[in-house]
Amino acid sequence: MSIEEQVIENAKQGKLLTHKCTNCGYLHLSTAYYCLKCGSKGFEDVLLEGSGTVATYTIITVAPAGFEKYTPYAFVVLKLDNSDLRISGFMGGIKTPEDLPVGTKAKITGFDERGILIEKQ
Amino acid sequence: MLSANFVEKVCVLGAGSTKYGKLSESIADITTQASVAAIESAGIEPKEVKASYISNVFGVADKQVHIGPVLMSRLGIPDRPSLTIESACGSGSVSFREAYANIAAGFYDCLIATGVEKVTHTGTEWTTTYFAYCSDFFYEGQAGASFPGLFASMARAYLTEFDATEEDFAKVAVKNHDNGYLNPKAHMQKKISVDDVMKSPVVASPLKLYDCCPFSDGASSVVLCSEKFAKEHGGDYIEVIGSGRGGSPAALQGREHLTTIPSTKIASEQAYKMAGLTPKDIDFAEVHDCFTIAEVVDTEDLGFFEKGQGIQAVREDRTKLNSDISINPSGGLKSKGHPIGATGIGQVVEVYDQLTGKAGERSVKDAKIGLTHNFGATGASCAVHIFQSV
């Protein structure tokens, strides 16, 4: 399986596959092939629970092709618990900013034609 | 230092643009019109142009990629080389930089850099879709992020972190429309109010339609040359005194701060250093205001204001035409329009017009130093240039 396919398979289980640098320990999303901090190539897989808090988001009403039927929906940037990493994804059922204050607890719940799926916890 | 081994000073000898907006002509037609305008503005013949740099992103949408040879054939110089450059919405400034570097290195004494885009005929849904392909698609576009959506995410972060309101963002749009009203080439040559912005339909919360630049067609072109060439061929010219490029993590999620665009800081620091200037020395700037939030972030990342203070400057009208620093005297992407491959070149056209006294009613008084700032996507790529009058 390619790296992206592995990310997808893990997201379907509610998990986030990450890469920890075996040289300096810096944690990356698993699409990193070289360490951002030290430049080395060795990584070990670390599987994170896909839970965190909403760092920022938007509610989209004018959507790209394929997403019209889901409007309004949120595109969310999630700050993961117990790490500095963030991950983006799709969140349905969000109509107004009152539905999703920044800091809301949320979690990866799957992957489909809408990319990585995130839901409020 | 970048400039150490350069053999030539680089000048902009001529500049021209089509009108920006919904255009009926083909992409090849408007590319040629802008290029001819620039060549005529320079007072030279096409045979003096040794090569061309073309910036374009979605040529495929108008059934014409590989535009360079088509342009050169129409200019009667089909034997001259061309290169098409894609760097999303920052294509124009990146192309300008490549042309600049080739003159500076002494490869050529005269070039044209022409930017073009022709997309409005594809409609809002497909233009939105094509633009989303400029994101880090696996993480962003695939999850339904549009470009307004990505900048709206930055705007939400800014509203959360700093003392700012949606009305403050609206003031950026009002200011740029005031400037664009004075620009006959502008796509949206009309004034708007804060109320108009606040009542316009939400595109991606908190951004509303009038927080967003329009999708535009258009082409812009400039003639670049060595100082020796400029002096020999007479006419008005300006000098390029700073050039910088930078990058940022492709996806917003990977940025250390959600309200800072690292590539802008990197590119501008290089350009200031090369020019031997600081942000205080800049008389006016054409910055990448694809959305109102972007202009606020840009003016901070370029060093005109402290982080979090850009919005205060807008509130106090310090970025209006002929105030503390005139930001986007052309009307910016917001009012002048945003034909994405042309935008970075269009900014240079504005600086040329301003510094050679051709900007009419929107002239920045006594301007000697102008800066252009143009980025691709959410600032994943960026180029900054600094120019001075001669």
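What percentage of the 390 residues of chain B count as buried? In this predicted model, local features need pLDDT of at least 70 and side-chain atom pairs count only at pLDDT 80 or more, while totals for chains, interfaces and linings use all residues. Residues are numbered from 1 along each chain as its sequence is written, and chains are lettered from A and ligands numbered from 1 in the order in which they are written.

The buried share of chain B is 64%, a residue being buried if 20 or more other C-beta atoms, placed from the backbone, lie within 10 Å of its own. Chain B contains 13 helices and 12 strands (DSSP runs of H or I, at least four residues, and of E, at least two, numbered from the N terminus). The radius of gyration of chain B, taken over C-alpha atoms, is 19 Å, close to the 21 Å that the globule rule (2.2 Å times the number of residues to the power 0.38) gives for 390 residues, so chain B is as compact as a globular protein of that length.

The contact between the chains (C-beta atoms, placed from the backbone, within 7 Å) takes 28 residues from chain A and 29 residues from chain B. On the chain A side, β4 (51-60), β5 (73-80), β6 (86-91) and β8 (115-120) each supply at least two residues. The largest share, six residues, comes from β4(A).

β4(A) also pairs with strand β5 (residues 202-205) of chain B, in the antiparallel sense over two bridges; pairing requires at least two DSSP bridges between the strands. Within β5(B), B:Ala204 is the bridge partner of A:Ile60.

Technical notes. Two residues are in contact if their C-beta atoms, placed from the backbone, lie within 7 Å. A residue is buried if 20 or more other C-beta atoms lie within 10 Å of its own, exposed if 12 or fewer, and partly exposed in between; C-beta atoms are placed from the backbone.
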